[in-house]
Amino acid sequence: MPYLLLIMEPHGQRAERGLAGGQEAYARMQRFGEGLQARGLLRASESLASTEQAVRLQVRDGQTRLTDGPFAETKEMVGGFFLIDCATREEALAIARECPAAEWATVEVRELAPCYHGAVD
């Protein structure tokens, strides 16, 4: 069963950590990913740039609206993700507990499902 581990970082944390601290955190996350790969659990993983470089896009009534980051209305940003395959939610949670980012960020665990999953008639 596929699960997405979303790394939810507080805004500004990367700048506060500094270059050396960021490189160490990144190296730990890479080792975590390599371990998941070796166990046959990893489908994909990526680190994302800060929201300062992000753009949000909406189309309403045929009109496109772009909003450049950073986005003041959010307290956290998605810093990266791991897409894993495991048997149960409990296993996904156990893997999330192993993630180094859980020490400095929030790891959100979400099962992949169609967008209509949970809809009511």
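**Surface patch, pocket and loops**

Q: Which residues make the nonpolar surface patch?
A: In this predicted model, Val55, Leu57, Val59 and Leu66 form a nonpolar surface patch of about 390 Å².

Q: And which strand gives the most to that patch?
A: Strand 3, residues 55–60, gives the most, with three residues.

Q: Take Leu57, then. Is Leu57 buried or exposed?
A: Leu57, which lies in strand 3, has a relative accessibility of 55% and therefore counts as exposed, since the cut-off for that class is over 50%.

Q: Changing topic: how much space lies in the largest pocket?
A: The largest pocket holds about 460 Å³ of space. It is lined by 24 residues, and those closest to its centre are Ala25, Tyr26, Met29, Ser47 and Gly79.

Q: Which elements give two or more residues to the lining?
A: They are strand 1 (2–10), helix 1 (13–38), strand 2 (42–47) and strand 5 (76–85). Helix 1 gives the most, with twelve residues.

Q: What is the lining like by class?
A: The lining of the largest pocket has ten nonpolar, nine polar and five charged residues.

Q: On to the backbone. Where is there a cis peptide bond?
A: A cis peptide bond joins Gly69 and Pro70, with omega at about 0°. Pro70 sits in the loop between strand 4 (63–68) and strand 5.

Q: What about Asp61: what is its phi?
A: Asp61 has a positive phi of about 50°, although it is not a glycine. Asp61 is found in the loop between strand 3 and strand 4.

Q: Buried or exposed, that Asp61?
A: Asp61 is exposed, because its relative accessible area is 79%.

Key:
Residues are numbered from 1 along each chain as its sequence is written. This is a predicted model: local features need pLDDT of at least 70, side-chain atom pairs count only at pLDDT 80 or more; totals for chains, interfaces and linings use all residues. Side-chain values use heavy atoms; hydrogens and water are left out. Patches are made of residues with over 30% relative accessible area and no salt bridge: like charges are joined within 9 Å, nonpolar side chains (Val, Leu, Ile, Met, Phe, Trp, Tyr) within 5 Å. Accessible areas come from the Shrake-Rupley method with a 1.4 Å probe; for residues, only the protein chains shown count as cover. A salt bridge is a side-chain nitrogen of Lys or Arg within 4 Å of a carboxyl oxygen of Asp or Glu. Helices (H or I, at least four residues) and strands (E, at least two) are DSSP runs, numbered from the N terminus. Buried means under 20% relative accessible area, exposed over 50%, partly exposed in between (1.4 Å probe, protein chains only). On a 1 Å grid over the protein atoms alone, a cavity is a set of points where a 1.4 Å probe fits but cannot get out, and a pocket is an open set with protein on both sides within 12 Å along at least five of seven lines; lining residues have an atom within 4 Å of a point. Grid points are joined across faces, edges and corners, and a volume is the space filled by probe spheres set on the points. Ala, Val, Leu, Ile, Met, Phe, Trp, Tyr, Cys and Pro count as nonpolar, Asp, Glu, Lys and Arg as charged, and the others, Gly among them, as polar.
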